[in-house]
Amino acid sequence: MQESAAFTPQFAASAITGILWLIPTAPMVASGLIALLKQPRRNLAAGLAIGSLSISLVLSLVAFCHVLTGWTHDSAVREFVNFTWFRFGTSAVDLGWVLDPLAAIMIVMVSFVGLLIFIYSVGYMAHDENFTRFFCFMSLFAGAMLGVVISNSLLLLFMCWEIVGLTSYLLIGFWYQKPAAAAAAKKAFVTTRVGDVFFLLGIVWLYSQTGTLLFYNHGVGSLEGLALVNLLSQHAGLGLSAAGAIGLLIFAGAVGKSGQLPLHVWLPDAMEGPTPVSALIHAATMVAAGVFLVARVYPLMQIGAAPHGTTAALTVVTWVGASTAVFAALIAVAQNDIKRILAYSTISQLGYMMAGLGLGGVAVGMFHLITHAFFKALLFLGAGSVIHGCHEEQDIRRMGGLRSDMPLTFLTYAIGMLALCGFPLVFSGFWSKDGILDAAQHWDISKGPFYMLVFGALLTAFYMTRQVCYVFFGYWRGGRETAHESPKVMTLPLAILAFFAIALGIIGTPAWPWFHAFLENRTASFSWHGFAEPGLGLLMLGSSLIVFVGLGFSWWLYGNKLPKPEAPDALEKSAPWLWAPLRDRLYVDELYGVTVIAFYAWWARVADWLDRRIWGGIVSAITWLFGLWAQLNRLLDIDWVDGGFDKTCEELSSGGGLLSRVEGGRVQNYLRILAAAVVALVAILLWSSRP
Amino acid sequence: MTTPLAGYLLVAALLFAIGIAGALVRRNAILVLIGIELMLNAANLNLIAFWRYGPHPELLTGMMFAIFSIAVAAAEAAVGLGLVISIHRHTNTTDLDKMNRMKG
């Protein structure tokens, strides 16, 4: 655990911070515009998406340079703009955005990798009729992801987080005609929702305790001194302070998004989406958002730790990460779908990042996040290129020998694969993974995570070599059609990503830990003494050895002697008892099927029965009663009220007709009646005055 | 002065009956007017008769009533005949049954 030097935030927002909101807004606006386009306007849609993300990239680079120039000895740039969204009573809900080293690195990474994947998609999705819809969703995703990164408010972050989840759902189910894709989209949405419920609880708790959701706000934000001390002083039970408990609730959201145990089940299924989506969302950025979130709220988790000590919350993060790293790597060994192997690899690497955060602090985890984003995007795009070249075939047993058919893809894929394995010295993955392993071997609480992560590294080398052997070596085992190399628009992003998969290692070597210094606000200096740290040399040697063992063993098993697609795997032949459970993904889906899902199904049946029999019965009884009452009312109305009224009217009108005959308009008639009446009157008078 | 009051009243009633019969059965507006005049004069005759046989025959009250009534009747007859002549000019008839429209 490294102590970060005290930040001396600069409050005065600079010009670039003032317009930082443009970075997420540009792709979002583009998304809205693309949504209005008709299907055939492909070029315009792609142009809008790529153009808007280019704007974001340029602004991100400007912001990054601004942070770089503002970075002096023990003072880092942390500028933010806050505003009140709405207020109720005396309390207000504030939103805002922040520019600090963490955000600066992330916006550059997201917009850069995103831009490359957008360009790649132009080639990959060229034959899809829903090209415009694809770019609409992708742009929305990019905007929301950039929003997550620059939010200075947990609420704004949560909103963008949910938009990101929505676009993930939309893009996994992009080919919704396929039932598997629709089911995978639903699964991803529901599974991440489980984590998000806890995340929301954490947000509510944090707000109730600190009265603000802003991260940084001139010393009164929720991640700053006062609030943290306040949170630390409250006990939440189980040996946790309120800060740690809130941190863990937020971590639960990250578990859902980043596919950590036990909520990892959605990520392999998410590979039903188009490959660029897998590369951008389910490898490089969105799944890393969980790691970023933990890094963002790191003060909550870290507060209360002794120097070089740890907290209960961070211990949980470490163990979850380490178990995920090994667990997913194990499953990846026995998968046959090229994208599923990479998906499990992603889960495993996300576990490394989480463990890195828990063990070594923000910089260690974030460095692996950044390097992983590049080489995993590279691997996914390479896999997409392979799938494209093999006519939508995803089973690695039906590939083979692509080394000569797709040389450029092979070269870049090999670079990505070696970076992922952590091939010594040259590749970025080596340095970022060794950072984590180094932190793990110095962890005081237990050496368990260290051994788990080392084992995970061995497995990583093994399964990646297996995959490369299957895909690129041996002979072509597919159908009659042979593979072809992908167009330039797809291979160019591969080449650029491959360059970064190697080059990025330079900024995080022990000799020149620039990245760590940048994030933790120290001075970066070059010195070979970085390697002289106790245990580091041995560790580098050991981890190199592990990688070689994994590579060699896998090569010995699979290299150049691949069987027919129908024949069993080499490992399956030698150890079927190990192979079967790994192939079946260690039965996690089945376990959920018989526990959680079975319970829900039962509960749904109970609810259905209650609905139909009990509530439905009551409702229909009431309906019947009302029907009866209405019939009664109808009779009353028709026979009594209406009938009586009609009769009265009839009588009146016939009486009127009779009387109207008298009023004929003839004066003489009137007079005649008058005379008759007088005669009658006189007669009556005479009659009555008779004695 | 031996004739009793009833004699006068009978004459007046007869006159009234003739007047009303004329007013009712005649179609000619002028004859109807004459009938009305007859009824008026029957009333005048009654006024005189009741005055003469009343408690104060010396006060000339009945005479005054009758004279006023005759004056009013003369005016009325003049107006009525004027109307009849006006209608006759307009419609060329004095038949009451044909005068069933207010519109000219």
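Predicted model: local features only at pLDDT ≥ 70, side-chain atom pairs only at ≥ 80, totals over all residues.
Leaving aside residues up to four places away in sequence, Leu453(A) touches Ala322(A), Ala325(A), Tyr352(A), Ala355(A), Ile436(A), Leu437(A) and Ala440(A).

Helix H4 of chain A covers residues 101-124. Its 24 residues should span 34 Å at 1.5 Å a residue, and this agrees with the end C-alpha atoms, which are 34 Å apart. H4(A) is mostly covered, as 24 of its 24 residues are buried.

Helix H20 of chain A takes in residues 448-472. After H20(A) comes Gly474(A), which has a positive phi near 75°.

## A hairpin in chain A

Strand S1 (residues 79-88) and strand S2 (residues 91-99) of chain A run antiparallel and are joined by nine bridges. Within this pairing, Val81(A) stands opposite Trp97(A) in S2(A). The two strands, S1(A) and S2(A), form a hairpin with two residues between them. Gly89(A), in the turn, has a positive phi of about 60°.

Chain B contains three helices and zero strands, in the order α-α-α along the sequence. Its radius of gyration is 17 Å, well over the 13 Å that the globule rule gives for 104 residues, so chain B is more spread out than a compact globule. Along the principal axes, the C-alpha atoms of chain B fill a box of roughly 50 × 25 × 15 Å.

Of the 104 residues in chain B, 12% are buried. Among contacts in chain B between residues at least 6 apart in sequence, 48% join residues at least 24 apart.

Chain A and chain B meet through five residues from chain B and five residues from chain A. The side of chain B that touches chain A has four nonpolar residues, one polar residue and no charged residues.

## Backbone features in the loops

Most residues other than glycine have a negative phi, and most peptide bonds are trans. Several places in the model depart from this pattern, as described below.

The peptide bond from Leu261(A) to Pro262(A) is cis, with omega near -5°. Pro262(A) lies in the loop between helix H9 (242-257) and helix H10 (266-269) of chain A. Glu392(A), a residue other than glycine, has a positive phi near 60°. Its position is in the loop between helix H16 (362-389) and helix H17 (402-405) of chain A. Glu392(A) counts as exposed because it has 7 C-beta neighbours inside 10 Å.

In chain B, Leu60(B) likewise has a positive phi, near 60°, in a residue other than glycine. Leu60(B) is found in the loop between helix H2 (29-52) and helix H3 (61-91) of chain B. With 11 other C-beta atoms within 10 Å, Leu60(B) is exposed.

Note on methods:
Residues numbered from 1 in each chain as written. Chains lettered and ligands numbered in written order. Contact = placed C-beta atoms within 7 Å. Nonpolar A, V, L, I, M, F, W, Y, C, P; charged D, E, K, R; others polar. Helix = DSSP H or I, 4+ residues; strand = E, 2+ residues; numbered from the N terminus. Expected span 1.5 Å × (residues − 1). Buried ≥ 20, exposed ≤ 12 C-beta atoms within 10 Å, placed from the backbone. Pairing = 2+ DSSP bridges. Rg over C-alpha atoms; globule rule 2.2 N^0.38 Å.
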